[in-house]
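Dear colleague,

I am passing on the structure below for your work. Please look through it before reading the notes under it.

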Amino acid sequence: MTITFRNETFRDDFTFRNSLYNIRRFPFPFDRDEYMYSVNMEPHVRGKKDSVFENLIDVDEHYVAEMHDRALVLKEDPLRCQALPHMMAAQWDTLELLMEHQAQDYPEHFTLTKNGDRWRWINRPMGIDDTFTFGDPSTLPYPPMEYITRQAQGDFCIVDQRDNNLWMDAGMVTTQADWSLDFDIGMNFMEWHGPVPLAHQIGVFDRALKFLLNLQQGKPTRRLNWTMTVNPRLDTSPENYHKWGPDRTTVTPENVGEKMHLRVELQSLWRLPRSNAILFVIRCYLISFNELVTVPKWGRRLPRVLKSLPPEIVDYKGLSRNRPIMLDWLAKYDDGAPTSAGI
Ligand code: HEM
C-alpha cells in the first residue's frame, strides 16, 4: 500500500493528527477495565491486515514528520544517539534488520539491493539513495545505527548480553517517555528499571530478564506499554522537561479532548545474529482523547482503567495533576455497559 505521508509537527504549533485509517489501527492497549504491570509479552508475529501488527517493523503516515522531528532533536542534542565501542557488530545487525524489513514490506518506498558486501539503499520518502560497503563505517555518512535509525520510526536501544544480564550499551532515543539514554547508558536491566514502582516487588523484572536472556534469533517478542502526554509531543525527555513539563498546567475541561494524548509504545525485542545483542524497538503511537472516543468501546474502557490505577502508577506516569479533569471529561463516554474481555 502506498502511504500518504502527512506534513505535520510534534512541537510549537502541534499540527499532528491521525487520519481515520490510523485511528482505526491504533494499538489500544487495554484488554480489560483495569491495569497493572505484568510480563505481558507475546510472539512478535504478523497480525491482521490494516493493523499495526501487519508488518513487524511498522511504517505509517507520520514517518516523514517523525524523522524530521528526530533530526531537530539530534541537532540540539547529539547525545540522544550513543554507542559504546564494542557495539559495532550490533550496529550493523540493526542496520540490516531495519533495511530488510522496510524494503520487504514497503517496496514502493524502500529498496535494498545487495551485491556481496556492496549494498544500495534507496529511501524514496526521504530522498536518499546511498551505496555503501556492509561492515565498513567509512562508506556511510553516519555510523550504521545512527544512519538507519534516522530513517526508522521509534526509539531504539541495543542491549549487550553478558554476565547473565543485559546492558544498555547503544541507542537512538529522541521520542522517550521521560527517561534518558545519556543517564542510562552502560546500566544493566535492573538498574535502568530502578525508578519503576511496584513491578520489582511482584517479580515482573526477574521474570522478564530471564525470558529475554533466552530470546532466540528469528523469534522476536513484543509487549505494549502506555502513558499519557499533553500535546502530541514526541520528545518528552528529562533533558527537555523545562519545555514540556509546564504543558501539564495548561489542561482545562474545555481543551482536554484536544490536548491530552494516550501514548502507546509497541515494544519489540529481536535477538541479533552476529553480535548476540538484543535490539529493543520502542515504536510510539499518539492519539488525542477526541480521536480515541470516536471508537465507543475505547471511550467506555479508558475512564474505567484510569479510575482503577494504583496511586504509585498514577504518580510514576505523571498523571496526578490532570486525572480528575480527564475522568470528568471521559465520564460521558462510559454508558455503563459491560465491556467484554478483549479489546
Ligand atoms: C520502563 C527500558 C524491557 C517493563 C522502562 C524504562 C526504560 C526501559 C528505560 C524507563 C525507566 C525510567 O523511569 O527511567 C527497557 C529496555 C528493555 C525493557 C531497554 C529491553 C531490553 C522490558 C520488559 C518489561 C519491561 C521485557 C516487562 C515485561 C517495564 C515497565 C516499565 C518500564 C513496566 C514502566 C513503564 C511505565 O509505567 O510507563 N523500561 N525495558 N521492560 N519497563 Fe522496560
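This is a predicted model: local features need pLDDT of at least 70, side-chain atom pairs count only at pLDDT 80 or more; totals for chains, interfaces and linings use all residues.

Residues are numbered from 1 along each chain as its sequence is written, and side-chain values use heavy atoms, with hydrogens and water left out.

Ligand. The shell holds 23 residues, the closest being Tyr37, Trp192, His193, Tyr316 and Lys317 (near means a heavy atom within 4 Å). Polar contacts are pairs of N or O atoms within 3.5 Å. A polar side-chain atom of Tyr316 is 2.4 Å from a ligand oxygen, and one of Tyr37 is 2.5 Å from a ligand oxygen. For Lys317, a side-chain N or O atom lies 2.8 Å from an oxygen of the ligand. Helix H6 (189-192), helix H7 (204-213) and strand S8 (221-230) each give two or more residues to this shell. Helices (H or I, at least four residues) and strands (E, at least two) are DSSP runs, numbered from the N terminus.

Sheet. An open, antiparallel sheet has 7 strands in the order S1-S8-S9-S10-S6-S7-S2; strands pair if DSSP finds at least two bridges between them. S1 (42-43) and S2 (81-83) are the edges, each with a single partner strand, so one side of each has no neighbour in the sheet. S6 (155-162) and S7 (165-172) are joined by 7 bridges, and Val159 has Met168 in S7 as its bridge partner.

In H3, 14 of 18 residues are buried (under 20% relative accessible area; exposed is over 50%, partly exposed in between; 1.4 Å probe, protein chains only).

Regards

Conventions
A polar contact is a pair of N or O atoms within 3.5 Å; within protein, one must be able to donate a hydrogen and the other to accept it, and residues adjacent in sequence count only if both atoms are side-chain atoms.
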